[in-house]
Amino acid sequence: MERTMVRSDENTKSVRFPKEIDDRLALLSRKLGRTKRLLVMQMVDYFYKSKKDPADLNDEVLKK
């Protein structure tokens with residue numbers, strides 16, 4: 001039996017979303033000068049650390 005070495009890749013997950021969302025993400029990433037991948041990772045970190053709910057648009061902290 002032949003064994004092959006599996007290369008570990010940190011990029012093992014993907015998220016699927018509508019093209020409209022991708023267009024908005026691309027616009028944001030260009031505006032901020034970051035890749036879409038980096039921007040998504042930063043957004044996840046921000047909401048994880050701040051414990052803010054991005055669905056709560058009335059959050060006073062997010063308004064600032």
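Guide: Let's start with the term: a salt bridge here is a side-chain nitrogen of Lys or Arg within 4 Å of a carboxyl oxygen of Asp or Glu. Searching the whole structure turns up three salt bridges. Keep in mind that this is a predicted model, where local features need pLDDT of at least 70, side-chain atom pairs count only at pLDDT 80 or more, and totals for chains, interfaces and linings use all residues. Residues are numbered from 1 along each chain as its sequence is written, and side-chain values use heavy atoms, leaving out hydrogens and water.

Our part is helix H1, residues 19-32 (helices are DSSP runs of H or I, at least four residues, numbered from the N terminus). Lys19 and Asp23 join in a salt bridge, 2.9 Å from N to O; being four residues apart in H1, they sit about one helical turn from each other. Arg24 and Glu20 are also four residues apart in H1, and their closest N and O atoms are 3.4 Å apart in a salt bridge. Then Asp22 bridges to Lys36, with closest N and O atoms 2.7 Å apart. Asp22 lies in H1 and Lys36 in helix H2, so this pair ties together parts 14 residues apart in sequence.

As for cover, buried means under 20% relative accessible area, exposed over 50%, and partly exposed in between (1.4 Å probe, protein chains only). Lys19 is exposed at 62%, as is Glu20 at 53%, while Asp23 is partly exposed at 39%.

Terms used
Helix = DSSP H or I, 4+ residues; strand = E, 2+ residues; numbered from the N terminus. Expected span 1.5 Å × (residues − 1).
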